Amino acid sequence: MITMKTKYALKALTHLARAKQGEPVLIAEIAEREGIPRKFLELILRELRQHGILESRKGRGGGYALRLQAKSITLASVMRVLDGPLAPVPCLSRTAYRRCDGCLDERSCGVRLIMTDLYAATTQILEATTVADMVERMDQVAEVRPLPLRYSI
């Protein structure tokens, strides 16, 4: 399961990917449109900026924009930035390896053997899927099912 932090980050990134290239978007707009608590979103976007995924501008006409192209931002990279290693158990992690507590033999550990398959399949999908792919899939669904109209007075 992904964390709410990552889920909100992906929602914000898809919103930014749909914005005009290089044109900053206000945090308030993203928060309102995507249903993300503003203070939490500020922390998430700051972290993504620190890792080179986003850029920000201050003052009038400021906000956040993608620093990288949406087609080069993988879901795996976002998850690693926000949540750390993708491995479901620490003995599979390439960057944060440690032996599991109570493990007698990693080679024959049933949990590790099954989690290896899960990790490989999950990593393959997350590394191959980009923010641009998410936007494309969202657009395909929107073509099939029109969004409800919103009216306000």
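What covers the buried residues of helix 2? The cover includes helix 1 (4–18), helix 3 (38–50) and strand 2. This is a predicted model.

**Helix 2**
- Helix 2 spans residues 27–34, and its buried residues are I27, I30, A31 and E34.
- These four residues lie on the same side of helix 2, because they cover an arc of only 95 degrees around the axis.
- The face turned away from that buried side carries the exposed residues E32 and R33.

**T74**
- T74 sits in a loop, between strand 2 (63–66) and helix 4 (75–83).
- The relative accessible area of T74 is 14%. T74 therefore counts as buried, since the cut-off is under 20%.
- Beyond its neighbours within four places in sequence, T74 is in contact with L126, E127, T129 and T130.

**Second largest pocket**
- The volume of the second largest pocket is about 230 Å³.
- M1, I2, T3, M79, D83, G84, P85, L86, A87, T122 and L126 line the second largest pocket.
- Helix 4 and helix 5 (110–128) are the elements that give two or more residues to this lining.
- By type, the lining residues are seven nonpolar, three polar and one charged.

Note on methods: Residues numbered from 1 in each chain as written. Predicted model: local features only at pLDDT ≥ 70, side-chain atom pairs only at ≥ 80, totals over all residues. Heavy atoms only, no water. Buried < 20%, exposed > 50% of the residue type's maximum accessible area, 1.4 Å probe, protein only. Contact = heavy atoms within 4.5 Å. 1 Å grid on protein atoms, 1.4 Å probe; cavity = no way out; pocket = protein on both sides within 12 Å on 5 of 7 lines; lining within 4 Å. Points joined across faces, edges and corners; volume = space filled by probe spheres on them. Nonpolar A, V, L, I, M, F, W, Y, C, P; charged D, E, K, R; others polar. Arc of directions from axis to C-beta.
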